[in-house]
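The following briefing treats selected local features of one structure.

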Amino acid sequence: MTRDEHDELALEVVGLGEAMALFQPPPGQLLAETASVEVHIAGAELNLCAAAAQLGVRAGFCSRVGGDPLGVRVLAAARAAGVDTSLVTVDVAYPTGLFLKDVLPDGQRRVHYYRAGSAAAHLDASDAARLLAARPRLVALSGITVALGAGPRAAVDAVLRAARAASITVALDPNLRPALGDVDRQAADVRARLAYVDVLLLGTDEAGPVLGVRDPDDPEEVFAAAADAGVRETVLKAGADGCYHAGADGTAVHLPSAATTVVDPVGAGDAFAGGYLVGRLRGASPAGAAGLGSALAAGVVAAPGDTTGLPDRATATALLARAVGG
């Protein structure tokens, strides 16, 4: 196979992390009372890759699943979303992780994780080697993976050490999760790795813990702190207030949210990240890429589930063309 043939078939975006089965009761019911549950597949990196795949990018997921029915469901869901699973290994020694979610009467969500000792919690440097051998243009990482344990942390670090020399862009979303332990410890772990990060996508609620800024709502302070830490490009996600991206002169520019209807906010940040990163890969400016990410996020929050609100392929293609041409 020639280099051109390899590049034509190669994965462009690869997410490294854990995907789990999600069990939740039907709308209006609670776990403590329901007689049945719905089963979905969720995972920040897989959600991001699903968004990228919908935009026509060759996206792959690198992970481990157990040799169990939930692992089968993870693989099937990824493939159905157009995500390549050749970098996922089946580890029969450990189970696929799962979590339970309740939507309380006041709209708040309560999540219960059962992921300790999962197959993905046993990721290690060998998984990173498999990912790097695929030679993607961009790898998407998350603070979640760093927080899963020593093995996953080693996998992330192996990718970080090798990526720049291999001309692989590294994107990182802190994704701080209180359910994974002390948030300050998670933030410190992310902060220690920022010098290896090309694109940082973080929320205003994460800017303080990760970057130590006094005013996390001040995008200029956030951007400056990220640059001082070694990050090459930063996007600040502000939830319902939209986001801030880099302007032509490097200053932060506000983009209002494109969302008009909010049914379920889960997965919006992953869709935004997938749209933004694909936009940048395809040559869009930060403004165009942020607009694309915002459009994808708006669709996701308007529908239940992490990815069901993503646009169809034709609409996604048109959105990408507009972002690149704008």
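T85 is in contact with L75, A78 and R79, leaving aside its neighbours within four places in sequence; contact means heavy atoms within 4.5 Å. The model is predicted, so local features need pLDDT of at least 70 and side-chain atom pairs count only at pLDDT 80 or more, whereas totals for chains, interfaces and linings use all residues. Residues are numbered from 1 along each chain as its sequence is written, and side-chain values use heavy atoms, with hydrogens and water left out.

- T85 lies in the loop between helix 3 (69–80) and strand 5 (88–91); helices (H or I, at least four residues) and strands (E, at least two) are DSSP runs, numbered from the N terminus.
- With a relative accessible area of 11%, T85 is buried; the classes are buried under 20% relative accessible area, exposed over 50% and partly exposed in between, with a 1.4 Å probe and protein chains only.
- K101 belongs to strand 6 (residues 98–103) and is buried, its relative accessible area being 5%.
- Not counting residues up to four places away in sequence, K101 touches L22, F23, Q24, P25, L31, R109, R110, V111, D264 and V266.

**Positive phi angles**

- R135 is not a glycine, yet it has a positive phi of about 55°.
- R135 is placed in the loop between helix 4 (125–133) and strand 8 (138–142), and its relative accessible area of 37% makes it partly exposed.
- N175, a residue other than glycine, likewise has a positive phi, near 45°.
- The loop between strand 9 (169–173) and helix 7 (183–191) holds N175, which is buried at a relative accessible area of 8%.

**Cysteines**

- The structure holds 0 disulfides, a disulfide being a pair of cysteine sulfur atoms within 2.5 Å.
- C49 is in no disulfide, and the nearest cysteine sulfur, that of C62, is 10 Å away.
- C49 counts as buried at 0% relative accessibility, and C62 counts as buried at 0% relative accessibility.

**Helix packing**

- Two packed helices are described by the angle between their axes and the distance between the axes.
- Helix 2 (residues 44–54) packs with helix 10 (residues 268–281) at an angle of about 50°, the axes being 8 Å apart; axes are lines fitted to C-alpha atoms, for helices over the stretch in contact, and angles run from 0 to 180 degrees between N-to-C directions.
- Helix 2 and helix 10 are therefore oblique to each other; angles under 35 degrees count as roughly parallel, over 145 as roughly antiparallel, 65 to 115 as roughly perpendicular and the rest as oblique.
- On the side of helix 2, the contact is made by A44, N47, L48, A51 and A52, and on the side of helix 10 by D270, A271, A273, G274, L277 and V278.
- The residues of this contact of helix 2 with helix 10 divide into 8 nonpolar, 2 polar and 1 charged; Ala, Val, Leu, Ile, Met, Phe, Trp, Tyr, Cys and Pro count as nonpolar, Asp, Glu, Lys and Arg as charged, and the others, Gly among them, as polar.
- The axes of helix 10 and helix 11 (residues 286–301) cross at roughly 150° and come within 7 Å, which makes helix 10 roughly antiparallel to helix 11.
- By class, the contact of helix 10 with helix 11 has 12 nonpolar, 4 polar and 1 charged residues.
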